[in-house]
Amino acid sequence: MIAIAKDLQKESDRLDIAHKMMEVSMNGKLYLAPLKGDPGRVLDIGTGTGIWAMEMGDMHPKSDILGNDLSPIQPRWVPPNVHFEVDDVEADWTYSEKFDFIHCRTMGNAIQNWPRLVKQCYEFTKPGGWAEFVDIDLTWVSPDNTMSADSHCFRMNTEFIKATRNAGMEPSPGPLLEGLMKDAGFVNIHHQRNPLPVGTWPADKHLKEVGAWNYLQCTEGLEAFCYAIFTRTLGYTKEEVEVFCANARKELKDSKQHALFYLHICYGQKKS
């Protein structure tokens, strides 16, 4: 999910933290699709800071990696096989060549027409190629009911989801990905759901590490997520948003309150 940030550098840092969180959640992998060798052409949709594309370029030096985004915030110095462009993925795609692998991650609140996006991905995947979508279900849950429904965190979560849907965006595309890929024509689809704890409360060592990164990216992004959508859509004042965020941040520091949400990874293949 891309927040509307007051401080672009702070938001760029948060995006890199979120990248690390997802990488840890996926056991250090950049993708789960069963690629063989170096895929020829790779497209990274909504590349953000470009960190996934650059790591992919280092991992697959014979691949040609293209990352696109509406914001030109990517670094100038990148691996020689990595390129970036400013583009709107919801416009008609005009690439002259198709791709061996298309990667799309955390585009909730950025896409208005998900079926069209996934269909364009299918159309521009080479026969036998793969596409992978990684996105979240933003609805927070408390597995042991230690964070109540009337807490500031849950209220903020509920209000944010309501506001973004009222604005025509889908904040939780994760659970929809498998159906979208099937409808677009992909086959050999694999879908999995990974828990993202908020904080280091899990006993499991791996989930504790995921939770540490998630806590950091959540607390870093509270104001960035909420300012615009809460003031423009829900009628909050700037001061009310600041108080709301301060109270939510205080709750997140309480290790006795346990919450999580889910990361969905879904990949599929275009028929040969």
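1. Val134 has Ile265, a residue of strand E7, as its bridge partner. The model discussed here is a predicted one. The pairing between strand E5 (residues 125-141) and strand E7 (residues 260-269) is antiparallel and extends over nine bridges.

2. Helix H5, formed by residues 177-184, packs on the sheet and touches E5, E6 and E7. The direction of helix H5 makes an angle of about 15° with that of E7.

3. The sheet as a whole is open and consists of seven strands, arranged in the order E3-E2-E1-E4-E5-E7-E6 with mixed pairing. From one strand to the next, the twist averages 15°.

4. Asn27 deserves a separate remark: its phi is positive, at about 55°, although the residue is not a glycine. Asn27 lies in the loop that runs between helix H1 (8-25) and strand E1 (41-45). Is this residue buried or exposed? Asn27 has a relative accessible area of 60% and is therefore exposed, the cut-off being over 50%.

5. Asn109 likewise is not a glycine and has a positive phi, here of about 70°. The loop that holds Asn109 is the one between strand E4 (99-105) and helix H3 (114-123). With a relative accessibility of 16%, Asn109 counts as buried, since the term applies under 20%. Asn27, by contrast, is exposed.

Note on methods:
Residues numbered from 1 in each chain as written. Predicted model: local features only at pLDDT ≥ 70, side-chain atom pairs only at ≥ 80, totals over all residues. Heavy atoms only, no water. Pairing = 2+ DSSP bridges. Helix = DSSP H or I, 4+ residues; strand = E, 2+ residues; numbered from the N terminus. Axes fitted to C-alpha atoms, helices over the stretch in contact; angles between N-to-C directions. Contact = heavy atoms within 4.5 Å. Buried < 20%, exposed > 50% of the residue type's maximum accessible area, 1.4 Å probe, protein only.
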